[in-house]
Every structure is written in C-alpha cells, then in structure tokens.
Amino acid sequence: MAARAEALERVRKALGDQHLRGAVRYTAENLYMKRKAAMADLDAQAARGDAIGNFEELRARAREIKLHTLAHLDGYLKQAADQIRKNGGVVHWARDAEEANQIVLEICRKRGARKLIKSKSMVSEEIHLNQHLEAEGLEIVESDLGEYIIQLAHETPAHIVIPAIHKTRRQIADLFGAVAGHELPTDTKSLTAFARATLRHKFMTADVGVTGANFVVAETGTICLVTNEGNGRLTTSVPPCQITLVGMEKLVPRLEDLAVMMALLPRSATGQKITTYFNMITGPRRPGEPDGPEELHVIFLDNGRSQILGSRYEEVLTCIRCGACLNSCPVYRQLGGHAYGSTYPGPIGSVLTPLLQGLEEWEELPQLCSLCGACHENCPLGIHLHEYIIQLRGELVARGRENPLMRTALKLVHFAWTRPGVYRFVAGSAHLGTKPFTRKRKDGSEYLDNLPSIAAGWTMSRTMPAPARRPFHQRWAELERQGGAK
Ligand code: SF4
C-alpha cells in the first residue's frame with residue numbers, strides 16, 4: 001500500500017509541474033515526428049532499392065536476429081566471452097547489481113584508481129553504480145551531456161535516450177552556473193561550450209572509463225557504442241582502463257547483423273539515419289596504437305534477465321533501448337519518466353522493471369498505460385508491450401493484489417452488464433445517481449468532477465462526460481420506432 005501511495009504521489013507531482021510537462025511533451029512529440037519521417041524516408045529509399053529493407057522488413061529481420069540470439073544465448077555468450085579474451089580483454093559475470101558494483105570497485109582498487117568518467121549507460125543506472133562508488137570515496141563523472149545535467153541536479157534519467165528531457169534551458173543554465181560560480185547565458189551554444197570545457201579536463205585526468213554497450217557482437221567480441229556527442233569515444237580512448245557494463249541480452253551473433261540493427265536504432269531513437277559516432281571496440285590498445293585503454297574489462301550482467309528468458313515475456317529481452325515506445329506513449333508524454341519511479345520508464349519500463357525486480361514491488365507500473373498499443377506500433381522490434389501489460393495486470397489480479405473495492409465494483413459491473421434488465425435500469429438511472437458530481441458548462445453540456453474513492457482517477461486530470469439523461473438504448477429504440485435507424 002505504501003508503494004501505491006508513493007506512486008500516486010509521484011504522478012500527482014508530475015501532473016502539477018507545468019515546466020516538466022511542457023518540456024517532456026515538446027521533446028517526446030518532436031522525437032516521435034522525427035522517427036515517423038525517418039521511417040517514411042526509409043520506406044521510400046527501400047522502394048528505390050537504396051536501402052536493405054523497408055521498416056516492416058527490417059523489423060521482421062531484427063526480431064528474427066534477436067529471438068534467435070535469445071534462443072541460443074548460452075552459446076553466444078560463451079562465444080562472445082571467448083572472443084573478448086582472445087582480443088586481450090577480461091570477462092566478468094555478475095549475477096546481480098551488488099556483484100556488478102563489487103567487480104567495478106575491485107578493478108578500481110587493483111589499479112589504485114580514484115577518478116572515473118562514464119559515457120551513457122542505462123545498465124549502470126539500473127545497478128546504481130554512481131552511488132555505490134561514491135559511497136566508497138571514488139569520483140565518477142557523467143560525460144553524456146544529458147546525464148551530466150541530471151548528475152548535477154542529483155536526479156535519475158527521465159528518458160532512456162534523452163535523460164534530461166524534463167529540463168528547460170533555464171534550469172540547465174542554473175545548474176551549470178552553480179558549477180561555474182557565475183551566471184551563464186541560456187543559449188545552447190554557451191551551455192554546451194561550458195560542458196565541453198569542464199568535461200574535457202575530467203576525460204584527461206580519469207583513471208577509468210566506464211561505458212555501456214548498445215550491442216556486443218558474439219563472433220568478434222566487438223563492443224558497439226552509439227552516441228551523438230563523442231563522449232563514448234573519449235571515454236574509451238583516453239583513460240588507461242575501460243570497464244564496459246552490458247546486460248547479457250545485448251548480443252548479436254554476427255557483424256552483419258549490425259547493418260539491420262543500425263538501420264533501425266538511430267531512426268527509432270532520434271530520427272537520424274545514423275548517429276554522429278558509432279564506435280566498434282575490439283579489444284584493448286595493441287602495441288603501436290596511439291590510443292585506447294591498456295586494460296579492457298567487460299561485465300555481463302544478469303540481474304533478473306535469466307528469469308525472463310524462456311518465460312512468456314522473453315520477447316522483452318529483444319529491446320534495443322531506443323526510447324520510441326516512450327515518445328509514442330500518451331501516458332509518458334503527460335508524466336515524464338520520474339513518475340514511474342524506476343530506472344526504465346515508459347511502456348518498456350512498465351513491463352521490464354516488474355519482471356526484473358518483482359511484480360508486487362512494482363505493481364503500479366502496469367497501470368500506467370492506456371492500452372492504445374502505440375508502443376508496439378512504433379517499436380523497431382515489434383515488442384507486444386501492451387499485451388504484456390495486460391498479462392501483468394492479470395497476474396496481479398490472480399495474486400489478489402487489486403484494490404478490494406475495485407474488485408467488488410467490477411463484479412457489480414459484470415452482474416449488471418450481463419443482465420439486460422439490470423443494465424437498462426442502471427443506464428437509465430446513472431444520470432440521477434451522478435447528480436452530486438455533475439457540473440454544467442456555459443454551453444449547457446455536463447461533465448463529472450471530483451468523483452470519490454476508486455473513481456477519483458477518472459476526474460483527477462481529465463474531463464469525463466456526465467451520463468446522458470436518456471441512455472443510448474432508449475434513444476436507439478425511439479429512432480427505430482421513427483424509422484430513422486438503419
Ligand atoms: S521496447 Fe521497443 S520501442 Fe521501447 S525502447 Fe525497447 S526497442 Fe525501443
């Protein structure tokens with residue numbers, strides 16, 4: 001119940017924050033439109049024979065690649081680990097967040113490292129790496145611009161791809177100004193110039209670079225990083241040691257599979273044909289090479305993933321974290337990411353977080369959904385998120401986790417709606433029954449406001465029409481009598 005109350009409070013807070021709602025809606029809708037245009041362009045290119053496939057064809061191939069990888073994950077993990085070792089890297093296996101954090105800490109201790117620089121990694125957010133290392137007295141600095149902003153604000157990412165989606169330029173200028181010790185202008189050029197100058201020094205003095213991985217290619221042991229800012233490249237080329245944290249599902253079997261994935265990922269995430277940087281890292285620095293780490297560690301993280309593998313939710317592990325489901329979701333667009341309270345927000349978070357961390361602890365997440373299916377439609381892997389959300393809700397009901405009042409109310413609705421006489425009576429008297437909550441607009445139309453108890457959510461943030469004085473079945477019967485209904 002405490003979790004439910006906290007979730008409701010987060011939602012209330014988000015709905016009451018007009019800055020946040022404006023910033024999230026603007027960016028999410030913008031990304032949604034860019035994705036749409038990019039996919040239309042891809043289809044046109046494919047029709048001219050200039051692309052390796054149109055959206056639907058590539059989506060089918062991407063699904064095939066990822067589902068095949070999951071079906072043979074043990075073999076591909078072994079192949080990837082063997083290749084990484086062959087290339088000169090060190091492979092670690094972490095069963096959970098605690099083990100992963102401990103491995104990072106031990107690598108730092110062995111090297112006497114105190115300063116870390118990190119490129120964007122949702123897995124590091126999932127295991128709360130920064131908090132863990134800071135508690136041990138280490139300094140870890142985010143180098144992705146959005147992540148740097150939220151690190152300064154002591155917040156968590158509000159979006160998988162755009163972590164500071166909820167921040168306005170004024171707010172960012174205030175955060176940077178506090179570091180600079182003087183006021184900064186709010187234009188994008190000045191703000192990025194400040195971040196660049198500040199972070200450059202951090203790159204040059206870091207003992208360890210930490211990254212995530214968009215993909216790991218099993219046949220070559222190659223780590224792939226997709227970025228737009230070049231921070232991934234600096235993180236993996238300047239510090240003498242690199243640690244890559246990767247969810248164990250992030251494999252693709254062959255290098256050529258990247259062609260399919262990379263045709264979909266940037267277009268789905270930001271509407272770009274290709275991101276500014278695409279790094280493929282195969283082993284640490286070799287003799288004679290001018291840059292790159294002398295030591296490379298790859299940590300494969302389970303943290304609940306093996307429980308999803310082989311279950312009816314396995315398809316969720318094909319996710320490539322593009323964020324398209326967030327941008328298309330009407331609930332996310334209203335709330336932003338923090339209302340979800342989990343590392344992964346939006347539709348993917350509503351499914352993945354309960355599966356990784358326990359349904360009962362995260363029982364409110366599957367409720368943050370209108371079941372419109374836009375997430376599935378826009379997902380480059382075609383993951384049936386809306387169907388999994390219904391299944392998770394079903395599991396909660398089966399475990400007796402729904403509100404007892406709601407259970408009784410739904411039983412009553414079922415009783416009334418399956419008995420024509422009772423239904424007619426309820427529909428006919430609904431207008432009278434809701435009279436205390438009915439308000440009238442200037443144009444004479446009526447709406448419900450301040451509904452009590454379990455119905456409160458229906459009128460908390462939207463307008464609900466009042467039940468008609470004469471229900472539809474009465475009006476239909478009248479029309480038929482008059483010969484007007486066809
Ligand atoms: S579920 Fe699909 S749309 Fe959402 S982040 Fe994952 S790949 Fe992208």
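Analyst: A residue counts as buried if 20 or more other C-beta atoms lie within 10 Å of its own, as exposed if 12 or fewer do, and as partly exposed in between. The model is a predicted one.

User: What makes methionine 262 partly exposed?

Analyst: Methionine 262 has 18 other C-beta atoms within 10 Å. Buried needs 20 or more and exposed needs 12 or fewer, so with 18 methionine 262 is called partly exposed. Methionine 262 belongs to helix 12, residues 257–270. Beyond its neighbours within four places in sequence, methionine 262 is in contact with Ile274 and Phe278.

User: Why is arginine 321 called buried?

Analyst: Arginine 321 has 20 other C-beta atoms within 10 Å. The limit for buried is 20 or more, so arginine 321 is buried. Its place is the loop between helix 13 (305–308) and helix 14 (324–328). Arginine 321 is not a glycine, yet its phi is positive, about 55 degrees.

User: Why does serine 453 count as exposed?

Analyst: Inside 10 Å, serine 453 has 10 C-beta neighbours. Exposed means 12 or fewer, so serine 453 counts as exposed. Serine 453 is in the loop between strand 12 (446–448) and helix 21 (456–460), and its phi is positive, near 50 degrees.

User: And glutamate 99: what makes it partly exposed?

Analyst: Glutamate 99 has 17 other C-beta atoms within 10 Å. Glutamate 99 lies in helix 5, residues 97–111.

User: How do you know that the span of helix 5 agrees with what it should be?

Analyst: The expected span is 1.5 Å times one less than the number of residues. With 15 residues, helix 5 should span 21 Å, and its end C-alpha atoms are 22 Å apart, so the two agree.

User: Which residues of helix 5 are buried, and how do you know that they are on the same side?

Analyst: Ala97, Ala100, Asn101, Val104 and Cys108 are buried in helix 5. They cover an arc of only 100 degrees around the axis, so they are on the same side of helix 5. Glu98, Glu106, Arg109 and Lys110 are exposed on the other side. The elements that the buried residues of helix 5 pack against include strand 1 (90–94), helix 6 (122–126) and strand 10 (295–301). Glycine 112, which follows helix 5, has a positive phi near 70 degrees.

User: What span should helix 18 have, and what is the distance between its end C-alpha atoms?

Analyst: Helix 18, residues 385–398, has 14 residues and should span 20 Å; its end C-alpha atoms are 20 Å apart, so the values agree.

User: Which residues are buried in helix 18, and why are they said to line one face?

Analyst: Leu385, His386, Tyr388, Ile389 and Leu392 are buried in helix 18. Seen down the axis, they fall within an arc of 160 degrees, so they line one face of helix 18. Gly394 and Ala398 are exposed on the other side. Helix 14, helix 16 (346–357) and helix 17 (374–378) are among the elements that cover the buried residues of helix 18.

Note on methods. Residues are numbered from 1 along each chain as its sequence is written. This is a predicted model: local features need pLDDT of at least 70, side-chain atom pairs count only at pLDDT 80 or more; totals for chains, interfaces and linings use all residues. Helices (H or I, at least four residues) and strands (E, at least two) are DSSP runs, numbered from the N terminus. The arc is that of the directions from the helix axis to the C-beta atoms. Two residues are in contact if their C-beta atoms, placed from the backbone, lie within 7 Å.
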